[in-house]
Amino acid sequence: MVKHWDVVTIGNVSRNRYWGESEERAVRPVICTCTAIFGDDFVLVVDPSLEDRDRMAFELDRRTGLKLDDVGLVFLTHAHGDHWVGLPHFGPAEWLAAPSVAQGINGTGKLAKQVEPVEGRIRDSIDVVHTPGHTLDHHSLRFDCDGYSIVVAGDAVMNRDFWRERRGFFNSVDKELAGKTIERLWAFADIVVPGHDNYFLAQRRELGEQR
Ligand SMILES: [Zn+2]
């Protein structure tokens, strides 16, 4: 079971339409949201976000008290480079992703070891959920903790504004499907950890009634 979870790095998008920025080009370097999930006998990091090893180690320690080598599992939501740029820092961990995501990342030839395919559940406590639209093989994680249903969405949800409008990012391969995926997540998320911002309450009931 999941005992605890927390955000390691709060991500940001390279351009934010909700801040009045054009989507034509990047205005700042992108960082994805990286999350740590603590089970009874495992620690899993989702989407290791920082290219610099010392910086990744610093943020992990600052947010969780862990060293890089304490992490036993890493899960990657999709093959976009900003979501696995920090993967090599977690050398002793088992690297996991949905089968076609694993294949895509392994195919880059940039890594010293393989990302292993995973489907269904991780450690009998975290569901791997297909959330297509941003990419067709995008996968999010869902688990229960403290009575809440937590969705670590990756780029299925960029931030709270995209969630509210059920909108995919400018680079989504299928924007309509991205919107449908967000709609699906509304049904079972209490708390959403988006791909490029801090976590937020899904507030599904109140907002649902306003629709
Ligand atoms: Zn992405």
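Predicted model: local features only at pLDDT ≥ 70, side-chain atom pairs only at ≥ 80, totals over all residues.
Two strands are taken as paired if DSSP finds at least two bridges between them.

Val-128 has Leu-141 of β9 as its bridge partner. Strands β10 and β11 (residues 191-194) also pair over 4 bridges, in the parallel sense, and Gly-154 stands opposite Pro-194 of β11. The pairing of β11 with β12 is antiparallel and covers 2 bridges; these strands form a hairpin with 5 residues between them. In β12, Phe-200 is the residue opposite Val-192.

Another set of 6 strands forms an open sheet in the order β1-β2-β3-β4-β5-β6, again with mixed pairing. Its edge strands are β1 (2-9) and β6 (116-117), each of which pairs on one side only. Strand β3 (residues 43-46) runs parallel to β4 (residues 73-76), with 3 bridges between them. One of the positions in this pairing is Val-45, whose bridge partner in β4 is Val-74.

Helix α1 (residues 53-64) lies across β1 and β2 (34-39), and its direction makes an angle of about 135° with β1. The helix has 12 residues and reaches 16 Å from its first C-alpha to its last, close to the 16 Å expected at 1.5 Å a residue. Just after α1, Gly-65 adopts a positive phi of about 80°.

Val-8, in strand β1, is buried because 23 other C-beta atoms lie within 10 Å, against a threshold of 20 or more. Leaving aside neighbours within four places in sequence, its contacts are Cys-34, Thr-35, Ala-36, Val-45, Glu-59, Leu-60, Arg-63 and Thr-64. The C-alpha atom of Val-8 is separated by 26 Å from that of Thr-108, 100 residues apart along the chain.

The largest nonpolar core comprises 54 residues, of which Val-74, Phe-75, Leu-96, Ala-97, Val-157 and Val-192 touch the most other members. With residues up to four places away in sequence not counted, Leu-96 touches Leu-73, Val-74, Phe-75, Val-115, Glu-116, Val-118 and Ile-122.

In helix α2 (residues 99-106), the buried residues are Val-101, Ala-102 and Ile-105. Viewed down the axis of α2, these buried residues fall within an arc of 100°, so they line one face of the helix. They pack against β4, β5 (94-97), β6 and β9.

Helix α4 (residues 175-186) has 12 residues and spans 17 Å from its first C-alpha to its last, close to the 16 Å expected at 1.5 Å a residue. Its buried positions are Ala-178, Thr-181, Ile-182 and Leu-185. Seen down the axis of α4, the buried residues fall within an arc of 100°, so they line one face of the helix. An α-helix has 3.6 residues a turn, so residues three or four places apart point the same way. The buried residues of α4 pack against β10 (148-154) and α3 (160-164). Glu-176 and Glu-183 are exposed, and are carried on the face of α4 turned away from its buried side.

Positive phi values also occur at two arginines. Arg-123, in the loop between β7 and β8, has a positive phi of about 50° although it is not a glycine. This residue is partly exposed, with 16 other C-beta atoms within 10 Å. Arg-166, in the loop between α3 and α4, likewise has a positive phi of about 50° without being a glycine. For Arg-166, 15 other C-beta atoms lie within 10 Å, so the residue is partly exposed; the partly exposed class lies between the limits of 12 or fewer for exposed residues and 20 or more for buried ones.

How values were computed: Residues numbered from 1 in each chain as written. Contact = placed C-beta atoms within 7 Å. Axes fitted to C-alpha atoms, helices over the stretch in contact; angles between N-to-C directions. Core = buried A, V, L, I, M, F, W, Y, C linked by C-beta atoms within 7 Å. Expected span 1.5 Å × (residues − 1). Arc of directions from axis to C-beta.
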